[in-house]
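Visitor: Please walk me through this one, and keep it short.
Guide: Here it is.

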Amino acid sequence: MLRLTVDELAARAGVTVRTLRFYGSRGLLPPPQLGPRRVGLYGAEHLDRLELIEELQRLGLTLAAIERYLDQLPPDISALDLAIHRALIAVWAPETAEQASTGQLSRRVGRDLSEADLDQLVAMGALQRTDRADEFLVDPGLLPLGARVLDLPIPLETIVATRAVVRLHSQATARELHRLFRETVWKPFRESGADDAEVDRMREQAGQIEPLLTQALVTAFHRSLAEQLAAGGGDSAEVTA
């Protein structure tokens, strides 16, 4: 069970202690549990919320808008549901890569990163190597996920294969959806004799479909994975333990 002091949580989240206390005063973070000598201890749920706040900030939301967003979430929301929220939000965040040294990454992840750890993070796409051995390009949306996978007994070859499977099937799904939309919606619309203004409106409306499809795909995958784990009987208990 993850238990962090306020300084450790700030280092893991890449923010200052002052920012954490400010978030707590605004109700963006639940209060910590009191440990020995009444020291406040923070857990995975606090880290999950901080990562979600970071994604919302990357989208340009104001603090007031973030408060309203978080107020709509159930107070007992699970870590998995928070991860799904983050995944959906990250799709629309600008693609920015940060540069960080191994030492800076170790502080953000909360552990000294070995060469094997760095190889795993690169395999997951959370890091990209640069010309300098000690410098990496960081995907801020994937790094928190990658850091958690480091604690799981998953071989590097499994991570590489998993990423390949996800990319293969997501590309196939995207191609099929594009084909379906092109043949059943866009082609008949163009053949109907629409003028330029109507075509422009159609393009604008078509762009609004993408977030709906993304949410539908994430939700469908979540449910399909749960069904597969449930169908595995005893094996599913081992996977989810």
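**Sheet, helices and a loop**

Guide: Helix α7 (residues 115–123) lies across β4 and β5, at about 110° to β4. The model is a predicted one, where local features need pLDDT of at least 70 and side-chain atom pairs count only at pLDDT 80 or more, while totals for chains, interfaces and linings use all residues. Numbering starts from 1 along each chain as its sequence is written, and side-chain values use heavy atoms, with hydrogens and water left out.

Visitor: How are helices, strands and angles set?
Guide: Helices (H or I, at least four residues) and strands (E, at least two) are DSSP runs numbered from the N terminus. Axes are lines fitted to C-alpha atoms, for helices over the stretch in contact, and angles run from 0 to 180 degrees between N-to-C directions. Contact means heavy atoms within 4.5 Å.

Visitor: What is the strand order in the sheet?
Guide: The order is β3-β5-β4, an open sheet of three strands with antiparallel pairing. Strands pair if DSSP finds at least two bridges between them. At the edges are β3 (98–101) and β4 (127–129), each pairing on one side only. Neighbouring strands are turned against each other by 35° on average, direction ignored.

Visitor: How many bridges join β4 to β5?
Guide: Three, with β4 and β5 (residues 135–138) running antiparallel. Within that pairing, R129 stands opposite F136 in β5.

Visitor: Which strands does α6 touch?
Guide: Helix α6 (residues 102–109) packs on the sheet and touches β3, β4 and β5, and its direction makes about 95° with that of β3.

Visitor: Other end of the chain now. At what angle do α1 and α2 pack?
Guide: About 100°, with the axes of α1 (residues 6–13) and α2 9 Å apart. That is why α1 and α2 are described as roughly perpendicular. The classes are under 35 degrees for roughly parallel, over 145 for roughly antiparallel, 65 to 115 for roughly perpendicular, and oblique for the rest.

Visitor: Which residues meet there?
Guide: V6, D7, L9 and A10 of α1 meet V17, L20 and R21 of α2. These divide into five nonpolar, no polar and two charged. Nonpolar covers Ala, Val, Leu, Ile, Met, Phe, Trp, Tyr, Cys and Pro; charged covers Asp, Glu, Lys and Arg; the others, Gly among them, are polar.

Visitor: Where is R37?
Guide: R37 lies in the loop between β1 and β2 (40–41), exposed at 81% relative accessibility. Its phi is near 55°, positive in a residue other than glycine. R38, in that loop too, has a phi near 60°, also positive. Most residues other than glycine have a negative phi.

Note on methods. Buried means under 20% relative accessible area, exposed over 50%, partly exposed in between (1.4 Å probe, protein chains only).
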